[in-house]
Amino acid sequence: MANPLLAEIEGNMKKTVEVVSKEFGSLRAGRAAPSLLDKIMVNYYGTPTPISQMANISAPEARLLVIQPWDKTAMPEIEKAIMKSDLGITPMNDGNLIRLSIPQLTKERRAELVKVVKKKTEEGRVAIRNLRRDANDQLKTQQKNSEISEDEQHRLQDEVQKLTDKYIKEIEELLSIKEKEIMTV
(Lines give C-alpha, C1' and ligand atoms only; values in the text may rest on other atoms or scores of the structure.)
Protein backbone atom coordinates (compact mmCIF):
# COMPACT_ATOMS: atom_id res chain seq x y z
CA MET A 1 0.00 0.00 0.00
CA ALA A 2 1.41 3.40 -1.00
CA ASN A 3 1.56 5.97 1.76
CA PRO A 4 -0.51 9.10 0.92
CA LEU A 5 2.27 11.16 2.48
CA LEU A 6 4.61 10.27 -0.42
CA ALA A 7 2.14 11.53 -3.04
CA GLU A 8 1.65 14.76 -1.10
CA ILE A 9 5.40 15.31 -0.69
CA GLU A 10 6.08 14.61 -4.37
CA GLY A 11 3.34 17.07 -5.37
CA ASN A 12 4.86 19.76 -3.15
CA MET A 13 8.35 19.09 -4.53
CA LYS A 14 7.03 19.39 -8.11
CA LYS A 15 5.44 22.73 -7.20
CA THR A 16 8.77 23.92 -5.77
CA VAL A 17 10.54 23.07 -9.04
CA GLU A 18 7.80 24.92 -10.98
CA VAL A 19 8.23 28.00 -8.78
CA VAL A 20 12.01 27.99 -9.37
CA SER A 21 11.42 27.59 -13.11
CA LYS A 22 9.01 30.56 -13.15
CA GLU A 23 11.50 32.65 -11.17
CA PHE A 24 14.16 31.86 -13.78
CA GLY A 25 11.75 32.78 -16.58
CA SER A 26 11.27 36.26 -15.17
CA LEU A 27 15.03 36.94 -15.24
CA ARG A 28 16.21 38.82 -18.29
CA ALA A 29 18.96 37.04 -20.19
CA GLY A 30 19.37 39.58 -22.99
CA ARG A 31 16.66 37.92 -25.04
CA ALA A 32 13.14 39.31 -25.33
CA ALA A 33 10.55 37.06 -23.68
CA PRO A 34 7.01 38.04 -22.68
CA SER A 35 7.61 36.32 -19.31
CA LEU A 36 9.93 39.24 -18.41
CA LEU A 37 6.81 41.27 -17.69
CA ASP A 38 5.04 38.64 -15.56
CA LYS A 39 5.81 40.27 -12.22
CA ILE A 40 5.07 43.86 -13.27
CA MET A 41 1.78 45.13 -11.90
CA VAL A 42 0.01 48.15 -13.41
CA ASN A 43 -2.29 50.42 -11.42
CA TYR A 44 -5.38 49.98 -13.59
CA TYR A 45 -8.32 51.97 -12.21
CA GLY A 46 -6.94 51.54 -8.69
CA THR A 47 -6.35 47.78 -9.02
CA PRO A 48 -2.88 46.18 -9.39
CA THR A 49 -3.18 44.24 -12.65
CA PRO A 50 -0.58 42.14 -14.53
CA ILE A 51 0.32 43.56 -17.95
CA SER A 52 -0.58 40.22 -19.56
CA GLN A 53 -4.21 40.77 -18.48
CA MET A 54 -4.33 44.20 -20.11
CA ALA A 55 -2.50 43.73 -23.39
CA ASN A 56 -1.09 41.44 -26.04
CA ILE A 57 2.64 40.94 -25.48
CA SER A 58 4.80 39.63 -28.31
CA ALA A 59 8.47 39.29 -29.16
CA PRO A 60 8.71 39.93 -32.93
CA GLU A 61 12.53 40.09 -32.76
CA ALA A 62 15.17 38.63 -30.43
CA ARG A 63 15.69 41.96 -28.65
CA LEU A 64 12.24 43.57 -28.90
CA LEU A 65 9.04 43.22 -26.90
CA VAL A 66 5.84 44.80 -28.18
CA ILE A 67 2.96 45.55 -25.82
CA GLN A 68 -0.39 46.29 -27.44
CA PRO A 69 -2.88 47.39 -24.74
CA TRP A 70 -6.54 46.64 -25.28
CA ASP A 71 -7.41 49.90 -23.55
CA LYS A 72 -5.26 52.72 -25.00
CA THR A 73 -5.98 54.91 -21.94
CA ALA A 74 -3.91 52.48 -19.84
CA MET A 75 -0.70 53.15 -21.82
CA PRO A 76 0.70 55.83 -19.45
CA GLU A 77 0.14 53.53 -16.44
CA ILE A 78 1.81 50.59 -18.23
CA GLU A 79 4.79 52.82 -19.09
CA LYS A 80 5.01 54.03 -15.48
CA ALA A 81 4.94 50.45 -14.13
CA ILE A 82 7.73 49.38 -16.53
CA MET A 83 9.84 52.40 -15.55
CA LYS A 84 9.40 51.62 -11.82
CA SER A 85 10.30 47.94 -12.30
CA ASP A 86 13.80 46.51 -11.95
CA LEU A 87 14.05 45.71 -15.68
CA GLY A 88 16.08 48.83 -16.44
CA ILE A 89 14.36 49.31 -19.81
CA THR A 90 12.84 52.55 -21.09
CA PRO A 91 9.54 52.00 -22.92
CA MET A 92 8.88 53.73 -26.26
CA ASN A 93 5.23 54.69 -26.83
CA ASP A 94 3.96 55.54 -30.33
CA GLY A 95 0.31 55.97 -29.31
CA ASN A 96 -0.76 52.45 -30.32
CA LEU A 97 2.06 50.23 -29.08
CA ILE A 98 4.71 50.24 -26.41
CA ARG A 99 8.06 48.93 -27.59
CA LEU A 100 10.71 47.63 -25.21
CA SER A 101 14.16 47.33 -26.72
CA ILE A 102 16.17 44.77 -24.74
CA PRO A 103 19.80 45.94 -24.48
CA GLN A 104 22.83 43.67 -24.72
CA LEU A 105 23.96 42.48 -21.29
CA THR A 106 27.32 43.60 -19.91
CA LYS A 107 29.74 41.10 -18.33
CA GLU A 108 29.03 42.60 -14.91
CA ARG A 109 25.26 42.28 -15.37
CA ARG A 110 25.65 38.67 -16.54
CA ALA A 111 27.68 37.87 -13.41
CA GLU A 112 24.99 39.53 -11.25
CA LEU A 113 22.27 37.51 -12.97
CA VAL A 114 24.18 34.26 -12.42
CA LYS A 115 24.42 35.13 -8.71
CA VAL A 116 20.65 35.75 -8.59
CA VAL A 117 19.97 32.45 -10.37
CA LYS A 118 22.24 30.57 -7.95
CA LYS A 119 20.50 32.21 -4.98
CA LYS A 120 17.07 31.17 -6.31
CA THR A 121 18.44 27.66 -6.92
CA GLU A 122 19.60 27.45 -3.31
CA GLU A 123 16.19 28.67 -2.10
CA GLY A 124 14.59 25.86 -4.12
CA ARG A 125 16.99 23.28 -2.65
CA VAL A 126 16.26 24.49 0.87
CA ALA A 127 12.49 24.30 0.25
CA ILE A 128 12.82 20.70 -0.97
CA ARG A 129 15.00 19.74 2.01
CA ASN A 130 12.42 21.29 4.34
CA LEU A 131 9.73 19.14 2.70
CA ARG A 132 11.95 16.09 3.28
CA ARG A 133 12.42 16.99 6.94
CA ASP A 134 8.66 17.49 7.42
CA ALA A 135 7.92 14.15 5.75
CA ASN A 136 10.46 12.33 7.90
CA ASP A 137 8.99 13.94 11.03
CA GLN A 138 5.52 12.79 10.00
CA LEU A 139 6.80 9.26 9.37
CA LYS A 140 8.41 9.15 12.83
CA THR A 141 5.11 10.29 14.36
CA GLN A 142 3.21 7.62 12.41
CA GLN A 143 5.66 4.98 13.64
CA LYS A 144 5.37 6.19 17.26
CA ASN A 145 1.57 6.03 16.99
CA SER A 146 1.88 2.46 15.66
CA GLU A 147 0.29 3.48 12.32
CA ILE A 148 3.29 2.03 10.45
CA SER A 149 6.05 -0.41 11.41
CA GLU A 150 9.67 0.61 11.94
CA ASP A 151 10.68 -1.20 8.72
CA GLU A 152 7.93 0.64 6.82
CA GLN A 153 9.16 3.93 8.29
CA HIS A 154 12.71 3.29 7.05
CA ARG A 155 11.47 2.19 3.63
CA LEU A 156 9.34 5.33 3.29
CA GLN A 157 12.21 7.53 4.48
CA ASP A 158 14.33 6.01 1.70
CA GLU A 159 11.55 6.84 -0.79
CA VAL A 160 11.40 10.42 0.49
CA GLN A 161 15.19 10.70 0.06
CA LYS A 162 14.93 9.41 -3.53
CA LEU A 163 12.26 12.05 -4.27
CA THR A 164 14.45 14.73 -2.66
CA ASP A 165 17.45 13.71 -4.80
CA LYS A 166 15.30 13.62 -7.96
CA TYR A 167 13.82 17.12 -7.52
CA ILE A 168 17.08 18.72 -6.37
CA LYS A 169 18.65 17.29 -9.55
CA GLU A 170 15.84 18.89 -11.61
CA ILE A 171 16.57 22.27 -10.02
CA GLU A 172 20.29 21.79 -10.74
CA GLU A 173 19.45 21.11 -14.42
CA LEU A 174 17.34 24.29 -14.57
CA LEU A 175 20.29 26.20 -13.10
CA SER A 176 22.67 24.78 -15.70
CA ILE A 177 20.35 25.72 -18.58
CA LYS A 178 19.72 29.25 -17.28
CA GLU A 179 23.40 29.83 -16.56
CA LYS A 180 24.33 28.86 -20.15
CA GLU A 181 21.53 31.09 -21.48
CA ILE A 182 22.79 34.09 -19.49
CA MET A 183 26.46 33.60 -20.38
CA THR A 184 26.05 32.85 -24.11
CA VAL A 185 23.61 35.54 -25.25
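Buried here stands for under 20% relative accessible area, exposed for over 50%, and partly exposed for in between (1.4 Å probe, protein chains only). This is a predicted model, in which local features need pLDDT of at least 70, side-chain atom pairs count only at pLDDT 80 or more, and totals for chains, interfaces and linings use all residues. Residues are numbered from 1 along each chain as its sequence is written, and side-chain values use heavy atoms, with hydrogens and water left out.

1. Helices (H or I, at least four residues) and strands (E, at least two) are DSSP runs, numbered from the N terminus.

2. Strand 6 runs antiparallel to strand 4 (residues 64–69), with 4 bridges between them; two strands pair if DSSP finds at least two bridges between them. Here L64 stands opposite S101. Strand 5 (residues 92–93) is also antiparallel to strand 6, through 2 bridges, and N93 faces I98.

3. R99 also forms a salt bridge with D94 (2.9 Å, N to O), the term meaning a side-chain nitrogen of Lys or Arg within 4 Å of a carboxyl oxygen of Asp or Glu. D94 is partly exposed at 44%, as is R99 at 31%.

4. In helix 4, E152 and R155 are 3 residues apart, about one helical turn, and their side chains meet in a salt bridge (3.0 Å, N to O). R155 is partly exposed, at 37% relative accessibility.
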